[in-house]
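Student: I have a chain on my screen and would like to talk it through. Could you take me through it?

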Amino acid sequence: VQLQASGGGLVQAGGSLRLSCEASGFAFSRYTISWHRQVPGKQRELVASLDWAGVTNYEDAVKGRFTISRDNAKNMVYLQMNSLKPEDTAVYYCKAGWWRNTYWGQGTLVTVSS
């Protein structure tokens, strides 16, 4: 089982980034996929989720700016991040969950400069 996140980097405020997460080793299409983020000294927080039926959920702070999507044929999940703000700076993690199974990917750092 593996979740491989990528796409982080340094961007100026107002810019965009797209994070990707490639899954392998499990029945990806059944799983709820989510993106979380964490800054030093704070708890990891949910940013967006997308379940097997296509239902999405977003943290209030990113609504209208971030979009989560998935491609089940490629076992990929994406997070399109637009209008980025300095407060979006964090390590972003992808997660897959279904029934009793939970898998986390390694983080990818997003830094938004003002």
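Tutor: We shall begin with the overall fold and then turn to one residue.
This is a predicted model, in which local features need pLDDT of at least 70, side-chain atom pairs count only at pLDDT 80 or more, and totals for chains, interfaces and linings use all residues. Residues are numbered from 1 along each chain as its sequence is written, and side-chain values use heavy atoms, with hydrogens and water left out.

Student: How many helices and strands are in the protein chain?

Tutor: The protein chain has zero helices and eleven strands. Here helices (H or I, at least four residues) and strands (E, at least two) are DSSP runs, numbered from the N terminus.

Student: What does the C-alpha trace span along its principal axes?

Tutor: The spans are about 40 × 25 × 20 Å.

Student: What share of the residues is buried?

Tutor: Of the 114 residues in the protein chain, 40% are buried. Buried means under 20% relative accessible area, exposed over 50%, and partly exposed in between (1.4 Å probe, protein chains only).

Student: Changing topic, where is Thr-111 placed?

Tutor: Thr-111 belongs to strand 11, residues 108-113.

Student: Which residues is Thr-111 in contact with?

Tutor: Setting aside neighbours within four places in sequence, Thr-111 is in contact with Gly-9, Leu-10, Val-11 and Thr-89. Contact means heavy atoms within 4.5 Å.

Student: What separates Thr-111 and Glu-45?

Tutor: Thr-111 and Glu-45 are 66 residues apart along the chain, and their C-alpha atoms are separated by 17 Å.
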